[in-house]
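Here is a structure to work through in short questions and answers. Take a look at the model first.

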Amino acid sequence: YLVLIQLFLGNSCRFIAKPCAINLGIQDSGPHRAQPNAILEKVFTSITKSPDAKRLEGLSKQLDWDVRKIQRWFRHRRNQDKPTTLTKFCESMWRFTFYFSVFFYGIRFLWTAPWFWDTRQCWYNYPFQPLTSRLYYYYILELAFYWSLMFSQFTDIKRKDFLIMFVHHLATIGLITFSYMNNMVRVGTLVLCLHDASDFLLEAAKLANYAKYQRLCDAFFMLFGVVFIVTRLGIYPFWILNTTLFESWELVGPYPSWWLFNGLLVTLQVLHVIWSYLIIRTASKALVRGKVSKDDRSDVESSSEEEDVTSNSTKGIFSTSSNGSNRLNGHVAAGQWTGE
C-alpha cells in the first residue's frame with residue numbers, strides 16, 4: 001500500500017496536478033537566484049547560511065560590498081533552494097485528493113456502523129470483534145498514507161513545525177498499529193475519520209492561494225479553522241477520549257495496553273491545543289488585516305524581512321530570519337501559502 005500511494009503521488013502530480021496548475025496560470029519559476037560568487041557560496045555551504053554581524057563585516061571588507069548587498073545575497077541564496085509554487089500546488093493537490101476521498105469513504109463506511117452512533121459498542125465483546133474486509137482496507141490505507149508522510153517529511157517542503165509534525169506522525173502511526181494489533185479498530189476508525197474532517201479544507205485553502213484566489217483561500221481557511229477547533233477541541237475529547245478513558249474502563253477494565261493507548265491519544269490532544277492556538281492567532285490577524293496573514297510555519301524569507309534587517313544594520317544589528325526546519329498538514333497553515 002505504501003508503494004501504491006507513492007505511485008499515486010507521482011502520477012497525480014505529473015498527469016493531473018501539473019496540468020491543472022498550468023491552466024490556472026501557475027508558473028514553474030522559483031525565487032530570485034543569487035548572483036554567482038565563489039567566496040559567498042563557500043561560506044554558505046561550508047560555514048553558515050545566516051552569517052552574524054562580525055562575519056558580515058568581514059565579508060564586506062573582503063569583497064568591497066555593502067553589508068546590505070551581502071545580506072540580500074544570503075537571503076536570495078537561502079530562498080533559491082525552496083520549492084516553486086508549482087511544486088507546492090502539486091503537493092497540496094494530491095493531499096487534498098487523498099484526504100477528501102478517504103474522509104467521505106470513512107463517513108460512508110461508519111454511517112452504518114453501530115459504534116458510530118453508540119461508542120459503547122466499541123467495547124462490547126472486546127477483544128473478540130470481527131474484522132471485516134472494508135474495515136481492514138480502510139485501516140491499512142490510512143496506515144500506509146501516514147507512513148508515506150513520515151518518509152516524505154524529510155524530502156517535502158520544510159517548515160518550522162517539522163518537530164511537531166514528526167511527533168504527530170509517530171503518534172498516529174503508533175496508534176494505528178497498536179490499535180490494529182490489539183483489535184481496537186472500532187474506536188480507531190472514529191479517530192481516523194475525525195482527523196480527516198478538516199485536513200482536506202486546509203489543502204483546499206492552499207490550492208486557492210497558490211492560484212491567487214485570495215477570497216476563496218480566506219473562506220476555506222476560516223472554515224478549516226472552525227472545523228478543526230470543533231472536532232479537535234470539542235468532539236475529540238468529549239467523544240473519543242470519553243469512550244477510551246471512561247467507557248472502556250467501565251466495560252473492559254484497566255487492561256495493560258490501556259495506559260499506552262490512552263497516552264498516545266492524550267499526546268494527540270496536546271498537539272491539537274498547540275495547533276488550535278496558532279490557528280486562532282492567524283485568524284485574529286486575518287480579521288485585523290482583512291486577509292489571512294503569512295503562515296507562522298513559513299520558511300521562505302520575504303523582502304520586507306530583509307528591509308527590517310537592513311534598516312537596523314546602521315545600529316549594529318545584523319540578525320536575519322532563520323530558515324524553517326514537515327508539512328499539514330500540516331495542520332497549521334495560513335495565508336500566504338506561497339510562503340510555505
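Q: Is Leu-24 buried, partly exposed or exposed?
A: Buried means under 20% relative accessible area, exposed means over 50%, and partly exposed is in between (1.4 Å probe, protein chains only). Leu-24 has a relative accessible area of 38%. By those cut-offs Leu-24 is therefore partly exposed.

Q: What kind of model is this, and which pLDDT does a side-chain atom pair need to count?
A: Residues are numbered from 1 along each chain as its sequence is written, and side-chain values use heavy atoms, with hydrogens and water left out. This is a predicted model, in which local features need pLDDT of at least 70, totals for chains, interfaces and linings use all residues, and side-chain atom pairs count only at pLDDT 80 or more.

Q: How many helices and strands does the chain have?
A: Helices (H or I, at least four residues) and strands (E, at least two) are DSSP runs, numbered from the N terminus. From that end, the elements run α-α-α-α-α-α-α-α-α-α-α-α. The count is 12 helices and 0 strands.

Q: What share of the accessible surface belongs to carbon and sulfur atoms?
A: Accessible areas come from the Shrake-Rupley method with a 1.4 Å probe; for residues, only the protein chains shown count as cover. Of the 340 residues in the chain, 51% are buried. The accessible surface comes to about 16300 Å², and the carbon and sulfur share is 63%.

Q: What is the volume of the largest cavity?
A: Rolling a probe the size of a water molecule over the atoms shows where empty space is left. On a 1 Å grid over the protein atoms alone, a cavity is a set of points where a 1.4 Å probe fits but cannot get out; lining residues have an atom within 4 Å of a point. Grid points are joined across faces, edges and corners, and a volume is the space filled by probe spheres set on the points. For the largest cavity that volume is about 140 Å³.

Q: Which helix gives the largest share of the lining of the largest cavity?
A: The lining has 14 residues, with Thr-172, Leu-175, Ile-176, Val-191 and Leu-192 nearest the centre. Two or more residues come from each of helix 7 (133-152), helix 8 (162-181), helix 9 (185-210) and helix 11 (257-289). The largest share is 5 residues, and it comes from helix 8.

Q: How many charged residues are in the lining of the largest cavity?
A: Ala, Val, Leu, Ile, Met, Phe, Trp, Tyr, Cys and Pro count as nonpolar, Asp, Glu, Lys and Arg as charged, and the others, Gly among them, as polar. The lining has 9 nonpolar and 5 polar residues. The number of charged residues is none.

Q: How far apart in sequence are the parts tied together by Arg-120 and Glu-250?
A: A salt bridge is a side-chain nitrogen of Lys or Arg within 4 Å of a carboxyl oxygen of Asp or Glu. Arg-120 and Glu-250 meet in one at 3.2 Å, N to O. Arg-120 lies in the loop between helix 6 and helix 7 and Glu-250 in helix 10 (residues 214-251), so the parts they tie together are apart by 130 residues.

Q: Are Lys-206 and Glu-203 buried or exposed?
A: Their closest N and O atoms are 3.8 Å apart in a salt bridge. They are 3 residues apart in helix 9, so about one helical turn separates them. Lys-206 has a relative accessible area of 0%. Glu-203 is also at 0%, so the answer for the pair is buried.

Q: Which peptide bond is cis?
A: Pro-127 lies in the loop between helix 6 (114-117) and helix 7. Its cis bond has an omega of about 5° and joins Pro-127 to Tyr-126.

Definitions and conventions
On a 1 Å grid over the protein atoms alone, a cavity is a set of points where a 1.4 Å probe fits but cannot get out, and a pocket is an open set with protein on both sides within 12 Å along at least five of seven lines; lining residues have an atom within 4 Å of a point.
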